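Subject: Structure handover

Hi,

Here is the structure you asked about. Please load it first, then read my notes below.

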Amino acid sequence: MSTTTVRVRHEFSAGHRILGLTGAGEKCRNIHGHNFTCWWMFDQRPGWPLAVEFGSVKAELKEMIDRLLDHAFIVHKDDEFVGYLVTHGLKRYLLSDRPTTEAIAAEIARLTEAQFPALDLLYVQLTEGSNNEAVWMRGGPPAATYPPGSAVLDGDHAKRVRAVI
């Protein structure tokens with residue numbers, strides 16, 4: 001059986017810091033930022049009307065990301081730096097997890113599913129800079145492998161986040 005998917009892309013910039021990493025990742029405890037590229041893939045169910053209409057979905061996703069994350073500081077809700085951001089009225093987005101690329105990808109997936117409950121979100125791919133990415137994937141056997149050439153995932157990988165470095 002074949003299926004058709006729709007993929008939407010948007011770029012944004014944001015700052016963060018990740019406390020508690022050791023080794024090479026320890027440098028990420030410093031305040032820094034990235035240019036992110038986010039890809040969403042939705043299942044385009046057969047029939048009419050289309051489940052995913054590019055123009056409206058892309059516009060709503062862009063608005064959501066720009067309003068919440070673009071030029072924001074993405075920070076753990078318990079980070080002491082939150083006080084500084086609040087005091088100075090700076091744009092921030094609080095996470096209940098450390099703001100790793102994996103956690104940000106999972107949060108974007110959560111936000112997307114809440115905004116588009118009728119659509120079948122298959123994955124969110126978040127690229128940090130040009131070299132690192134994290135992918136949140138919906139469970140179940142996908143119609144195609146991701147990334148190309150990888151093994152097909154089975155149902156045991158529901159809502160799994162995978163980092164590619």
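Cys28 is buried, at 18% relative accessible area. Cys38 is buried too, at 1%. Searching the whole structure turns up 0 disulfides. A disulfide would be a covalent bond between two cysteine sulfur atoms.

Keep in mind that this is a predicted model. Mean pLDDT is 87, and 83% of the residues reach 70 or more. Where pLDDT is low, predicted coordinates should not be read in detail.

Now the core.

Which residues touch the most other members of the largest nonpolar core? They are Phe12, Trp40 and Ile108, out of 31 residues in that core. Seven elements each supply at least two residues: strands S1 (4–16), S2 (32–44), S4 (92–95), S5 (121–128) and S6 (132–137), plus helices H1 (54–68) and H3. H3 gives the most, with 6 residues. Another core, of 5 residues, lies apart from it; Phe73, Val75, Phe81 and Leu85 are among them.

Leaving out residues up to four places away in sequence, Ile108 touches Phe12, Cys38, Trp40, Ile65, Leu69, Val124 and Leu126. So one of the buried cysteines, Cys38, is a contact of Ile108.

Next, helix H3.

H3 has 15 residues, and at 1.5 Å a residue they should span 21 Å. The end C-alpha atoms are 21 Å apart, so the helix agrees with expectation. Its buried residues are Thr101, Ala103, Ile104, Ala105, Glu107, Ile108, Ala109, Leu111 and Thr112. An α-helix has 3.6 residues a turn, so residues three or four places apart point the same way.

Thr112 is worth a look. Thr112 sits in H3, which runs over residues 101–115. Is Thr112 buried or exposed? Thr112 is buried, because its relative accessibility is 1% and the cut-off is under 20%. Beyond four places in sequence, Thr112 touches Trp40, Phe42, Leu61, Met64 and Leu121. With Trp40 there is also a polar contact, side chain to side chain, at 2.9 Å. Val124 is 12 residues from Thr112 along the chain, and their C-alpha atoms are separated by 9.1 Å.

Best wishes

Definitions and conventions: Residues are numbered from 1 along each chain as its sequence is written. This is a predicted model: local features need pLDDT of at least 70, side-chain atom pairs count only at pLDDT 80 or more; totals for chains, interfaces and linings use all residues. Side-chain values use heavy atoms; hydrogens and water are left out. A disulfide is a pair of cysteine sulfur atoms within 2.5 Å. Buried means under 20% relative accessible area, exposed over 50%, partly exposed in between (1.4 Å probe, protein chains only). Helices (H or I, at least four residues) and strands (E, at least two) are DSSP runs, numbered from the N terminus. Contact means heavy atoms within 4.5 Å. A polar contact is a pair of N or O atoms within 3.5 Å; within protein, one must be able to donate a hydrogen and the other to accept it, and residues adjacent in sequence count only if both atoms are side-chain atoms. The expected span of a helix is 1.5 Å times one less than its number of residues. A nonpolar core is a set of buried Ala, Val, Leu, Ile, Met, Phe, Trp, Tyr and Cys residues joined through side-chain atoms within 4.5 Å. pLDDT is the predictor's confidence in each residue, from 0 to 100.
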